[in-house]
Amino acid sequence: MGDTHEPSLFPVPGPDSHRQPPVDAPRPWESVDRGQAARDGATGPEPPARPICPHCGLVGERRPTYTGRHVLLEPLPAVPAHLVPGGHRWHIDSGGQAWNSGLNEPPPGTTCHVPHQLACPGLTLDEIKPWRWLEAVREENARRARRQADEDGLPGALPDAG
Ligand SMILES: [Zn+2]
């Protein structure tokens with residue numbers, strides 16, 4: 001009973017549903033992907049450039065990512081994920097594509113790959129910001145400390161006007 005009144009939530013696939021848009025058609029998610037790639041550190045170098053770090057000249061292991069950009073990884077075996085700061089843990093799926101597990105807690109025993117950026121001798125820690133979430137907390141604390149110092153700098157109690 002009532003089954004016939006159920007609205008159709010999904011469009012029924014038509015004969016053209018398998019067609020893909022032209023390769024050069026703008027995709028609405030491209031800017032989102034670019035932002036995600038930058039946050040993940042998937043900043044190339046993109047082929048056909050050689051997989052060489054622009055900051056130190058060392059060769060890395062370049063992998064495609066799901067954002068359409070490439071990431072340069074350290075050419076090392078995977079290391080225990082808990083040793084690598086969150087946001088910098090890269091995994092490689094069976095198709096050879098790399099993905100960043102973000103700030104998710106790694107399950108016990110998980111391993112991951114280290115992005116070259118973290119180990120690059122051509123970048124300072126200020127440039128790499130290995131602990132980005134902690135950086136945000138530090139900046140907020142700096143604002144709070146300044147605000148508190150400003151408040152404490154005022155003359156103690158306002159003179160009694162009564
Ligand atoms: Zn480098």
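**Burial and overall layout**

I started with burial: 15% of the 162 residues in the protein are buried. I keep in mind that this is a predicted model.

Next I looked up the secondary structure, which comes to four helices and six strands. Reading along the sequence, I noted the order α-β-β-β-β-β-β-α-α-α.

I also checked how far apart in sequence the contacts reach. Taking contacts between residues at least 6 apart in sequence, I find that 60% join residues at least 24 apart.

**β1 and β2**

How do β1 and β2 pair? Strand β1 covers residues 61-64 and strand β2 covers residues 70-73, and I have them down as antiparallel over four bridges. I looked up two of the facing residues: Arg63 stands opposite Val71 in β2, and Pro64 stands opposite His70 in β2.

The hairpin has five residues between the strands. Gly68 in this hairpin takes a positive phi near 90°.

Then I went through the faces of β2. In a regular strand, side chains alternate between the two faces of the sheet. On one side of β2 I see His70 and Leu72, on the other Val71 and Leu73, and all are buried. My note for β2 is that both faces are covered.

**Thr67**

Thr67 lies in the loop between β1 and β2. Is Thr67 buried or exposed? I have Thr67 down as buried, because 21 other C-beta atoms lie within 10 Å and the cut-off for buried is 20 or more.

What does Thr67 touch, if I skip residues up to four places away in sequence? My list for Thr67 reads Asp33, Gln36, Ala37, Asp40 and Ala42. I checked one of these for distance: Gln36 is 31 residues from Thr67 along the chain, yet their C-alpha atoms are separated by 7.1 Å.

**Ala78**

I moved on to another loop residue. Ala78 sits in the loop between β2 and β3, the latter being residues 79-80.

Why does Ala78 count as partly exposed? Ala78 has 16 C-beta neighbours inside 10 Å, so it falls in that class, which lies between the limits of 12 or fewer for exposed and 20 or more for buried.

For contacts of Ala78, I left aside neighbours within four places in sequence and got Thr111, Cys112 and His113. I followed up on Thr111: Ala78 and Thr111 are 33 residues apart in sequence, and I get 5.6 Å between them in space, C-alpha to C-alpha.

Notes: Residues numbered from 1 in each chain as written. Predicted model: local features only at pLDDT ≥ 70, side-chain atom pairs only at ≥ 80, totals over all residues. Contact = placed C-beta atoms within 7 Å. Pairing = 2+ DSSP bridges.
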